Every structure is written in C-alpha cells, then in structure tokens.
Amino acid sequence: SGSMWPKKTKHFHQTDLSMLLECLKFQMKCPELQKQALLTIQSICENREDNVDLLREIGGVAFVYNLFKSSVVHADVKETALFTLGTLAEANVFCKTSLCKKETFADLAGWLTKKDISLTQRRVAVYLLSVLVANNKSGQSLALTSGCMNGLLELFSADILIVVDYDAHTHPLWASVSNGLCGCVNNPQNDAQLICVATFPILKIWLKEALTHLEIFKTICSFIAMTVANNTWCPASCLPLYQRPCRLASVKTVPISHKHIHTDAVWVYNQIVSPNYLLSSAALASDLAQYDIVSKLLLLLASPNLNPEDTLSVLLTLSYCTESSGKTFI
C-alpha cells in the first residue's frame, strides 16, 4: 500500500530518496511497486528544487530516464517514468538542462510518431517536451532538428474531428499538442514559426467549426498568436484567419453596457487585436477596422465591471491599434 512509502515532508532526506531509488532498481518484476515509487518521487519533488538536487546527486534522474528507455519494463512504468521526468525538469533548471540533449528529443520524437501507444502515453511525451522547450532556445532548436516538431504538427493537423465534434476523450491530447507547439515557437521566437504557418489553411476551417466550443477557439487563437508574433513570413495573407475571430468579437460585444461585460469578448480582443495580429501592418489594420474594433474596445473600457487586469489589456490593445494604423481605426 501507499503507507509503506516515506511521507512528503518539507525537508526530505537523501536516505529516503535512496530507499525509493533502491525499490525502482530491485523491483523490476513488480511494475506496480515501481509505479508507486515513481509517483512518490514525483510527489516529493514537485515544485521542490532542493529535493530534485538530492535525487540528481544519487543518480536518480538518470535511472528514471533509463526506465523510460528500457525495453524490458512494463509500459505503465515507462509512462510514469516519463511523467516523473517532466515534473523533475519543471521543478529544477539543472535537471531540465541535463535532459536537453539530442538523445532525449530523439526518444520523444519516436514516441510522438509511434502508432501503437495510448493517448495517455502520447500526452505524457508532449508534457515532457513542453517542459524542455519552455523559454529554452536550446530545447526549441533540438525540437526542430529531432523531428519532434513534425510529430507535434502531425498530431495537431490530423485530428480535425477533435475540433469539429469535440471528443472529450481525445481533446486533451490535442490541447496539449497545441500548447507544446506554442512552447516550441515562442520565447524566443524562432524558425519553427515558419513550419507552423503551414497549418493555417486547416485552422481557417477549424475557426468556422469551433465557435460553439470556446475552449477550442481559445486554443486555436493562442496557437495563431504564437506563430505570427514577430513573424515576417506572415503578412496580410493571414487576414482570412483574423476576420472570423474579429467578427465574433464584434458580435459578442454588441450587447455590452455599463452593467454587463462579456469576459469572453475581452479575451478575444486581447488575443486577436494585439501586436501579434496587427503585425505593424497598416494594411491589415485597415481591413480589421471594418469591424469597428476601437469603439467596441471603448465600450469595454467604460464598463465599471471590467477587472483591473483586463482594463490594462484593453488600454494596451487600444494603443496597438492606434500605433499600427495611424487614423485607420479612428
């Protein structure tokens, strides 16, 4: 039972981690015990940089990675090991750096493209990849050269039914893949944006189908925003993608008064009418002006129910409109 494992404490001792590591090593014929040990390690190291350091010192991170790589361990153990690695890398930058190597990304690319693994296994692989590329130029470059980007884009583009019909079972994987792609192209922005632009014809179709599912709509908008941010390959040819969201924002804000505020509309404006979408293009700003963006933003700003953080976003958006287009929106 779970009671046999050390309890999570503020100061976890190296001897306790050593005991868990020994269990992993000597219980190879008992996948359930290995899985419990991994989950315990994951729990005590989550958001605890010092505990991850202790685990690294005794070779625990390397052993967990080897479990994931092993051809003899149970599939559930490999999946749990991968999830544990993601938690460790997220909690400790040194652990993240040690995992950012060609071998790791090659293994993840293999998992992303395998045909005989479960949705959960794919999602766990995407989770670790997302952690490794987040705000990490080296990780982003490895994702591009290892084939991970291609694997993500295949998963992202192939599952149109997830968007159209909203399959509650498969949608979490699609959302995770989208978030992973956003991590691959943003902070810093990089050449992977050019590859992501190839998905825009599909996204144009999806935007027509996703209006009844706001979460899907938001995910698509976030992906587009990350792809076009400071991207010189995305001029006004991307306008068909922006018109539908802007039309939606215009419609959603029509009934707004001083007493009522539509937070969804605020979100849409913050995503669509931003420096990412305006792209410092007066031509694009001129096309968007037909949706009466500025007047709707002023309506949002006038509402006493607007949250302070949203007020700042609306003000910034107004400044982007005027900066990008001169008198276009006035």
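Axes here are lines fitted to C-alpha atoms, for helices over the stretch in contact, and the angle between two N-to-C directions runs from 0 to 180 degrees. Two packed helices are described by the angle between their axes and the distance between the axes.

This is a predicted model, in which local features need pLDDT of at least 70 and side-chain atom pairs count only at pLDDT 80 or more, while totals for chains, interfaces and linings use all residues. Residues are numbered from 1 along each chain as its sequence is written, and side-chain values use heavy atoms, with hydrogens and water left out.

## The chain as a whole

The protein chain has 21 helices and zero strands. Helices (H or I, at least four residues) and strands (E, at least two) are DSSP runs, numbered from the N terminus. Of the 330 residues in the protein chain, 49% are buried. Buried means under 20% relative accessible area, exposed means over 50%, and partly exposed lies in between (1.4 Å probe, protein chains only). Contact means heavy atoms within 4.5 Å. Among contacts in the protein chain with a separation of 6 or more, 73% join residues 24 or more positions apart.

The table sets out two packed pairs.

| Helix pair | Angle | Axis distance |
|---|---|---|
| α2 (residues 31-45) and α3 (residues 49-57) | about 135° | 8 Å |
| α12 (residues 171-185) and α15 (residues 214-228) | about 20° | 9 Å |

Take α2 and α3, which pack at an angle of about 135°. That makes α2 oblique to α3. Angles under 35 degrees count as roughly parallel, over 145 as roughly antiparallel, 65 to 115 as roughly perpendicular, and the rest as oblique. On the α2 side, Ile41, Ile44 and Cys45 take part. They meet Asn51, Val52 and Leu55 in α3. The residues of this contact divide into five nonpolar, one polar and no charged. Ala, Val, Leu, Ile, Met, Phe, Trp, Tyr, Cys and Pro count as nonpolar; Asp, Glu, Lys and Arg count as charged; the others, Gly among them, count as polar.

Now the second pair, α12 and α15, at about 20°. That makes α12 roughly parallel to α15. The crossing of α12 past α15 is left-handed. A crossing is left-handed if the near helix is turned anticlockwise from the far one by less than a right angle, and right-handed if clockwise. From α12 come His171, Trp174, Ser178, Leu181, Cys182 and Val185. They meet Ile216, Thr219, Ile220, Ser222, Phe223, Met226 and Thr227 in α15. Eight residues of the contact of α12 with α15 are nonpolar, five are polar and none is charged.

Gln34 is found in helix α2. Its relative accessible area is 1%, so Gln34 is buried. Not counting residues up to four places away in sequence, Gln34 touches Leu24, Gln27, Met28, Leu67 and Val77.

Thr80 lies in helix α5. Thr80 counts as buried because its relative accessibility is 5%. Leaving aside neighbours within four places in sequence, Thr80 is in contact with Lys35, Leu38 and Leu39. Thr80 and Gln34 are 46 residues apart along the chain, yet their C-alpha atoms are separated by 9.2 Å.

## Helix α7

Helix α7 (residues 102-113) has 12 residues, so at 1.5 Å a residue it should span 16 Å. Its end C-alpha atoms are 17 Å apart, which agrees. The expected span of a helix is 1.5 Å times one less than its number of residues.

The buried residues of α7 are Thr104, Phe105, Asp107, Leu108, Ala109, Trp111 and Leu112. What covers them includes α4 (60-69), α5 (75-91), α6 (93-99), α8 (119-133), α9 (137-146) and α10 (148-158).

Lys102 is found in helix α7 too. With a relative accessible area of 68%, Lys102 is exposed. Lys102 and Thr145 are 43 residues apart in sequence and 8.9 Å apart in space, C-alpha to C-alpha.

## Loop features

Most residues other than glycine have a negative phi, and most peptide bonds are trans. Asn47, in the loop between α2 and α3, has a positive phi near 60°. At 68% relative accessibility, Asn47 counts as exposed.

Asn187 lies in the loop between α12 and α13. Asn187 is not a glycine, but its phi is positive, at about 60°. At 44% relative accessibility, Asn187 counts as partly exposed. A cis peptide bond joins Asn187 and Pro188, with omega about 0°. Pro188 lies in the loop between α12 and α13 (192-196).
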